[in-house]
Amino acid sequence: MSATDFHLTLSSARALHLAAQGLLNPALRKAGKLDVLACIRNMSALQIDTISVVARSPYLVLWSRLGNYPHAWLHELLEEGHLFEYWSHEACFLPIEDYGLYRHQMVSPQGLGWKYNHKWLKENAVQVDTVRQHIHANGASRSADFERTDGKSGGWWEWKPEKRSLEVLFTTGEVMVAKRHNFQRIYDLRERVHPKWNDKKHLKPILHCERTQILQSVRALGICKANWISDYFRMGKPDINNQPAQLVREGLLIPVTVDQHDALFYVHPDRRDLLERASENKLKATTTRILSPFDPVVWDRKRAIDLFDFDYKLECYTPAPKRRYGYFTLPILRRGVLIGRMDAKAHRKQGILEVKALHLEPGVRVSQSLATDLAKTLREFALWHECNDLQLTWSNSSELTPLLQALIQGVLP
């Protein structure tokens, strides 16, 4: 079969995407620490978010792929130097071997928008240098190590000057996150955190880095359209020599057609085996998983609609009376289809995982099999949160509710 002969059904394209993301089938064995690292390398980026009504997003993205594992492994991999943090899709844990791909942004951060405020830096140069010298003299430091001196009360938009200084130094690459404690960043000088790096020896041309990230995004997605690529790492329009058509001509991408879509899709050669299996309808999705709102499968809303016909919006920033689904709704993936979403809360002290609202998508057929799959996954989700009690408060399906309640209350261990 030649590289131009691949055609997929929509369900096979979805399966290829999920296989590349590690979400096609259940994990075959208990995860080890190196599996966490391999998972992040496979995705190329693990987005960070601090909302904790259930497990924070980076932990949840890993759980969806690996099953039960200790949260501490992620932080150990950071402290051991296998990972670093920087702006990618947003703030992300990233494989340390990809540090050079982001170094151009650190050296010239003007394109990072609100993440880099040159005016503030210029007006507060003395304050920034004070923080810089403090870390140089005292070693790794947290924002909490600096006493607030501006008289303000704090809050999301009222970072103290020292916190803003740390973020500026982080964005420009002068400091890195050396480790985290209780999820708080602890910063140190780059040369201490990543002593092997040398700009003169290691920094590649910017167009080489751009090409590498484009290929990484296609590899991570498994299959994608041209207009999905830039979102993965929040890149701008690529250079003409790095656009998909050119990469196809060089044999670096494989063009694919997909049912119900006019535009070409692209697959990385590393995924050719998956592509061949998908084209023969041999990729079968069998798992049921709860996803984070910041999972790569759904973080691009337009892609989620285009590929899965799943219109998803995180409503935690929407005023409560205007929310349709809930504060922190988690997409539900079952056998290759995004079948619904749930608003959940872990009441950790009481040991209760509450599913406050569960919404099935229109057209999803309720069955005993669906209820069994969902109940089993919800129980795994609860136990991972160290919650022995699982409670369903409300569902939009009068058919699903009694089936699920019976399984939760009567059958599951």
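Me: Tryptophan 228 and phenylalanine 265, buried or exposed?
Reply: Both tryptophan 228 and phenylalanine 265 are buried. Keep in mind that this is a predicted model.

Me: How many aromatic pairs are there overall?
Reply: The count comes to 16 aromatic pairs. In the one formed by tryptophan 228 and phenylalanine 265, the ring centres are 5.5 Å apart with the planes at 85°, so this pair is edge-to-face.

Me: Where do tryptophan 228 and phenylalanine 265 sit in the chain?
Reply: Tryptophan 228 belongs to helix 12 (residues 226-232) and phenylalanine 265 to strand 9 (residues 265-267). They are 37 residues apart, and the pair links distant parts of the chain.

Me: And tyrosine 232 with tryptophan 299, what geometry?
Reply: Tilted, because the planes of tyrosine 232 and tryptophan 299 are at 55°, with 5.1 Å between the ring centres. Tyrosine 232 is in helix 12 and tryptophan 299 is in the loop between strand 10 and helix 15 (301-308), so the pair ties together parts 67 residues apart in sequence.

Me: What is the relative accessible area of tyrosine 232?
Reply: Tyrosine 232 has a relative accessible area of 0%, so it is buried. Tryptophan 299 has a relative accessibility of 11% and also counts as buried, because the cut-off is under 20%.

Me: Which residues form an aromatic cluster?
Reply: One cluster is made of Phe84, Tyr86, Trp87, Tyr99, Tyr102, Phe170, Tyr187 and Trp197.

Me: Switching to charges. Which arginine has its charged end over the ring of phenylalanine 183?
Reply: Arginine 180 does, with its charged end 4.5 Å from the ring centre. Arginine 56 also lies over the face of phenylalanine 183, at 4.6 Å from the ring centre.

Me: Arginine 180 is in a strand, I think. What is its bridge partner in strand 6?
Reply: Arginine 185 is the bridge partner of arginine 180 in strand 6. Strand 5 (residues 175-181) and strand 6 run antiparallel and are joined by 6 bridges.

Me: How many residues are between strand 5 and strand 6?
Reply: The hairpin has 2 residues between the strands, and asparagine 182 in the turn has a positive phi of about 55°. As for burial, 5 of the 6 residues of strand 6 (residues 184-189) are buried, so that strand is largely enclosed by the rest of the structure.

Me: Now strand 11. How many of its residues are buried?
Reply: For strand 11 (residues 329-334) the figure is 6 of the 6, so the rest of the structure largely encloses it.

Me: Which of them point which way?
Reply: Thr329, Pro331 and Leu333 point one way, while Leu330, Ile332 and Arg334 point the other way. In a regular strand, side chains alternate between the two faces of the sheet. Here the residues pointing either way from strand 11 are all buried.

Me: What pairs with strand 11?
Reply: Strand 10 (residues 288-290) is joined to strand 11 by 3 bridges and runs antiparallel to it. There, arginine 289 stands opposite leucine 333. Strand 12 (residues 337-347) is also antiparallel to strand 11, with 6 bridges joining the two. In that pairing, threonine 329 has aspartate 343 of strand 12 as its bridge partner.

Me: What about the turn between strand 11 and strand 12?
Reply: That hairpin has 2 residues between the strands, and arginine 335 takes a positive phi near 50°.

Me: On to helices. At what angle do helix 3 and helix 16 cross?
Reply: The axes of helix 3 (residues 57-66) and helix 16 (residues 368-384) cross at roughly 135° and come within 12 Å. That angle makes helix 3 oblique to helix 16. The crossing is right-handed.

Me: How many residues of helix 3 are buried, and what follows it?
Reply: Helix 3 is mostly covered, with 10 of its 10 residues buried. Among them are Tyr59, Trp63 and Arg65. Glycine 67 follows helix 3 and has a positive phi, near 80°.

Me: And helix 1?
Reply: In helix 1 (residues 10-20), 10 of the 11 residues are buried, so it is largely enclosed by the rest of the structure. The buried residues include Arg14, His17 and Leu18. Helix 1 is followed by glycine 22, with a positive phi near 80°.

Me: Last one. Is arginine 249 buried or exposed?
Reply: Arginine 249 counts as exposed, at 63% relative accessibility. Its place is in helix 13 (residues 244-249). The C-alpha atoms of arginine 249 and leucine 18 are separated by 26 Å, and the two residues are 231 residues apart along the chain.

Note on methods. Residues are numbered from 1 along each chain as its sequence is written. This is a predicted model: local features need pLDDT of at least 70, side-chain atom pairs count only at pLDDT 80 or more; totals for chains, interfaces and linings use all residues. Side-chain values use heavy atoms; hydrogens and water are left out. Buried means under 20% relative accessible area, exposed over 50%, partly exposed in between (1.4 Å probe, protein chains only). Helices (H or I, at least four residues) and strands (E, at least two) are DSSP runs, numbered from the N terminus. Two strands pair if DSSP finds at least two bridges between them. Rings of Phe, Tyr and Trp (its six-membered ring) pair if their centres lie within 6.5 Å; planes under 30 degrees apart count as stacked, over 60 as edge-to-face and the rest as tilted. A charge sits over a ring if NZ of Lys or CZ of Arg is within 6 Å of the ring centre and within 35 degrees of the ring normal. Axes are lines fitted to C-alpha atoms, for helices over the stretch in contact, and angles run from 0 to 180 degrees between N-to-C directions. Angles under 35 degrees count as roughly parallel, over 145 as roughly antiparallel, 65 to 115 as roughly perpendicular and the rest as oblique. A crossing is left-handed if the near helix is turned anticlockwise from the far one by less than a right angle, and right-handed if clockwise.
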